[in-house]
There are 2 protein chains.
Amino acid sequence: MIRLFTMLQRSLFSRSALLVQTAPFENLLYSKNTHAASCIHRSLGSVTIPPPACMLRPLEAPLRYLFGPGPSNVPPRVLAAGGRPIIGHLHPEMYEIMNDIKKGIQYAFQTKNNMTIAMSGSGHTAMECAVFNTVEPGESVVVAVNGIWGERVAEIAERMGARVHRMVKAPGGYYSNEEIEQTLAKHKPVLFFLTHGESSAGLVHPVDGIGDICLRHNCLFLVDSVASLGGAPLFMDEQKIDILYTGSQKALNAPPGTAPISFNERACKKMFNRKTKPVSYLLDMTHLSNYWGCDGKTARIYHHTGPVSGFFSLRESLSILAEKGLENSWRQHKEVAEYLWKGLEDLGLKLFIKDKDLRLPCVTTISIPQGYNWRELLTYIMKHHQMEMTGGLGPSVGMVLRVGLMGYNCNKANADLALAALADALKVCPKSKA
Amino acid sequence: MIRLFTMLQRSLFSRSALLVQTAPFENLLYSKNTHAASCIHRSLGSVTIPPPACMLRPLEAPLRYLFGPGPSNVPPRVLAAGGRPIIGHLHPEMYEIMNDIKKGIQYAFQTKNNMTIAMSGSGHTAMECAVFNTVEPGESVVVAVNGIWGERVAEIAERMGARVHRMVKAPGGYYSNEEIEQTLAKHKPVLFFLTHGESSAGLVHPVDGIGDICLRHNCLFLVDSVASLGGAPLFMDEQKIDILYTGSQKALNAPPGTAPISFNERACKKMFNRKTKPVSYLLDMTHLSNYWGCDGKTARIYHHTGPVSGFFSLRESLSILAEKGLENSWRQHKEVAEYLWKGLEDLGLKLFIKDKDLRLPCVTTISIPQGYNWRELLTYIMKHHQMEMTGGLGPSVGMVLRVGLMGYNCNKANADLALAALADALKVCPKSKA
């Protein structure tokens, strides 16, 4: 053990350590006259493309307030977890960590689903995984499109050969349970997709009752909670959500690269009784459920190499949420969001979502103030306040500015910083006469 | 800026910090009698699934010598890079880091290809990306299967609707250029797959001349170098490899979760002149090339959120390789491997690959010694030496033991540790009378 410490120690100042380590080889390399060297040299071939100069410069990344729709700032605790020496992806200790992550996700999702794992990828990976595994080519899918995420799911489902029916509304629009029921009755889909936290519009969509409608129409209810999990109340089991996924880099404050997802019994029944294999081997839940020890088998067969450091970070972020408590986290996001909304209105800004109850507490959308160039405002805030806020995304581009205060970033002090930056930008940036 | 430091500082001891931060909310939560509290409480709903006890315990991960086929130990420098505060995936500074990574990969691959990026996932993601983008349903693909990786590619290609023709050999087997040419002539594939570093068998496959054969037969040459990059000479451009990918967690010593991949002009011509869209939106190179600034467009449109910390680590590991120099790295792996092979033979062990020139310097395969239970040997070494060595993988299970000394792990001191652990296991573990 001590030797391993020493091994790590040895190259703590490892630029120099490396030079020491490679010294004998360099001597060989430079003493081209010696027979040995030229032999080795010839047998190894010689490179024609030299080391790029940029790679000899150290990594540079500025400190930023990440007050956009995500990624949000990562707490030191989570950064530290991600920076720990790794272990193997198939070590027993890794399985323990994955079991912990599974329990942490079950808590965050409020579900007892056994089929609960983290994807080795971003929210989009979970999105494709959900569609690829639960839908077969030729089957009907209904997608609620009221921002970018529905558009993405529709595209994904079309590519794998599903018959996709879109329910399209402008950003900020939402769907009544009646509308949803009528559409399901008409298209008889196997899957209905809805975004809980529509971050491109700043809308949190009501979910109550939709699970029952899907159940009546023998259709799976797939919900995207990437931008809402931990920030707005969501109860997977009570609300009869069949498939739920989220991302790691929003209210969970882990780096991007992992994505919790959970399937209930109904979803498992559908996805494990397919006629065809899912088109992606990488995202095949038959293999992923085994990797995560969810398939009841004792042996875990190698499928892919999971992002060990990413799982360390994700576990830590789920641990922080468990310590804090979901209700505290929801309440914190609600209080800070209301404080931010009030401050924005005091600045004379108009909130894009009129109805308070439909506003996503994690990401607030502001109608672009009359006469201002939104890009100028954002560039000014980034340059002078080291703060990220963003414009719209997909269909909401040019309609809104977006401010996200999620998880670790979610407190009134940060809301004040965001308000001060906006006030400054509105004062300094030129207003067109138009 | 100072405020951000303070923000980070504030929760350096953030378990306590969090409690402080959430105190007001907790008071609300616990004073259920107050009207305000009960209102908020009701409106937020209450959780039925409590925080799991395991999530209130700190993350535990032992220090290990990762001397298996990967992941290998991550140098402190790379861990530190991955543990840095993150920035946004679409910030200009992130684009700079991605440009550096691109140049670092071009050097490691010895290619001038503009279409050079890192996948947001493991080597399997790169594998699926290569097949999904360059092959259309119904097209013919030839896969050299002499271990697990060919099997995986064949499965991936079959799932997306390709006509797959396997060239099957037992683990350790390899292909003559004549065999390859005959098979290509027979099946007229659009893609031929070969594994350069077959880690399940410990074989490094000769590559010279195959690119020309593929060119003559108007077929793309796809090579997997996950287990060989940086450890065995490979020249993408000179050897006319059309598509090359690798992983981050082998000789590059970054944590798993990113995968460099490069496409040459021929590959781009094929993949950007498809009749059908690739089945995966997530892996569509049309979008990924834009995200990586390889498509000549000035605007980068949001596709997915890349693993920012993973890219930090990958840049650092490519930087270490550039500082050290490819030829030094190749020479180091060759020398240390030969030292290990000698030591293994001195222990009376037989190497699985007889021909030295065909042995993968990164991962050495040992024939399982007569009369020993290979699982017992590995379990003993893990338990008493905190050292990972592994058995076979896929078709080589039960045939070999595998020892990997890659990149940061690749030095004679570590070879001695591995040899001592093996000697100890061979002495202590019971030998069956059989």
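How do the residues of the lining of the second largest pocket divide into nonpolar, polar and charged? They divide into 17 nonpolar, 12 polar and six charged, where Ala, Val, Leu, Ile, Met, Phe, Trp, Tyr, Cys and Pro count as nonpolar, Asp, Glu, Lys and Arg as charged, and the others, Gly among them, as polar.

This is a predicted model, in which local features need pLDDT of at least 70, side-chain atom pairs count only at pLDDT 80 or more, and totals for chains, interfaces and linings use all residues. Residues are numbered from 1 along each chain as its sequence is written, chains are lettered from A in the order in which they are written, and side-chain values use heavy atoms, without hydrogens and water.

The largest share of this lining, five residues, is supplied by H14(A). In the largest pocket, the largest share, also five residues, comes from H14(B). Helices (H or I, at least four residues) are DSSP runs, as are strands (E, at least two), numbered from the N terminus.

Lys250(A) carries the UniProt annotation "modified residue: N6-(pyridoxal phosphate)lysine", from an unreviewed entry; such annotations are given in the numbering used here, with shortened feature names, and may be inferred rather than shown by experiment. The residue sits in the loop between strand S9 (243-245) and strand S10 (259-263) of chain A. Lys250(A) is buried because its relative accessible area is 8%, and buried means under 20% (1.4 Å probe, protein chains only). Beyond neighbours within four places in sequence, Lys250(A) is in contact with residues including Pro69(A), Ser72(A) and Met406(A), contact meaning heavy atoms within 4.5 Å.

How values were computed:
Buried means under 20% relative accessible area, exposed over 50%, partly exposed in between (1.4 Å probe, protein chains only).
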